[in-house]
Amino acid sequence: MMPLLEASGYLPDYERIDAACLERAKLMFLNYPNNPTSAVAARPFYEETIRFAERNGIIVASDFAYGAIGFDGRRPISFLELPGAKEVGVEFYTMSKTYNMAGWRVAFAVGNAEIIRLINLMQDHMYASLFGAVQAAAAAALTGPQDCVRELCATYESRRNALYAELHRIGWNAQPPAGSFFCWLPVPAGFTSGSFADLLLEQANVVTAPGIGFGSHGEGYVRLGLLAPEERLIEAAERIGALGLFGG
């Protein structure tokens, strides 16, 4: 995992990448809104990324899987919205998150023509085509009314608000996510991400993902998802609160 700049919401700090690493680097993956941190990238970050990629001869691969899921009236920015982005990279989009088509494995890439040509070459030699009905369903989702997407985003936002209201009530003060359907929560003092996740499972019957599972920079956090109904999320927070760890 790339060095992080805490103040900017878990975005890469390009100045902290050593020269030897830059000399070897050819490809950089970005993922905003992010899994697991739920960080959202703003326009200045992508502007910096394009300059960085141009300067160092690095291809940018932007994973925009959660691009439809933004909160508080803010739409996540696509890397390809920025001038110069198509000269240095591509963006990947999946149907799994926006249209609840997980498991159907439908995605596409757009951007730099030469990079897309090379992706097609790899695709032709490594993978078989998708079942036709799945392709037709994906086309219908993309070209049809998008009310379902707005409703899905509103559902996640409502769940987020309900969960964080209860988390703050029990004394677990964490920053609500601005996008994605994940919550990145700091563990209490005296715990690692693994020991805290174990405690929640064993004593509160709440499942979380320990941050260390996502890399060394994830230590000190656990990830929660907004995939359960509001009442279940509130119940989970109440169970955690009953452990008396936060003084709420």
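**Entry 1: largest pocket.** I looked up the volume of the largest pocket in this predicted model and found about 620 Å³ of space in it. I then listed its lining, which comprises 16 residues. Those closest to the pocket centre are A107, F108, A109, I119 and Q123.

**Entry 2: origin of the lining.** I asked which elements each supply at least two residues of the lining. Helix α5 provides the largest share, with 5 residues.

**Entry 3: from β6 to β5.** Strand β6 runs antiparallel to β5, and 5 bridges join the two. Within this pairing I noted that Y93 has F108 of β6 as its bridge partner. F108 is also among the residues closest to the centre of the largest pocket.

**Entry 4: the other partner of β5.** I looked up the pairing of β5 with strand β4 (residues 59-63) and found it parallel, over 4 bridges. In this pairing D63 stands opposite F92 of β5.

**Entry 5: burial of β5.** Why is strand β5 largely enclosed by the rest of the structure? I checked residues 89-94 and found that 5 of the 6 are buried, so the strand is largely enclosed. For this step I took buried to mean under 20% relative accessible area.

Methods: Residues are numbered from 1 along each chain as its sequence is written. This is a predicted model: local features need pLDDT of at least 70, side-chain atom pairs count only at pLDDT 80 or more; totals for chains, interfaces and linings use all residues. Side-chain values use heavy atoms; hydrogens and water are left out. Buried means under 20% relative accessible area, exposed over 50%, partly exposed in between (1.4 Å probe, protein chains only). Two strands pair if DSSP finds at least two bridges between them. On a 1 Å grid over the protein atoms alone, a cavity is a set of points where a 1.4 Å probe fits but cannot get out, and a pocket is an open set with protein on both sides within 12 Å along at least five of seven lines; lining residues have an atom within 4 Å of a point. Grid points are joined across faces, edges and corners, and a volume is the space filled by probe spheres set on the points.
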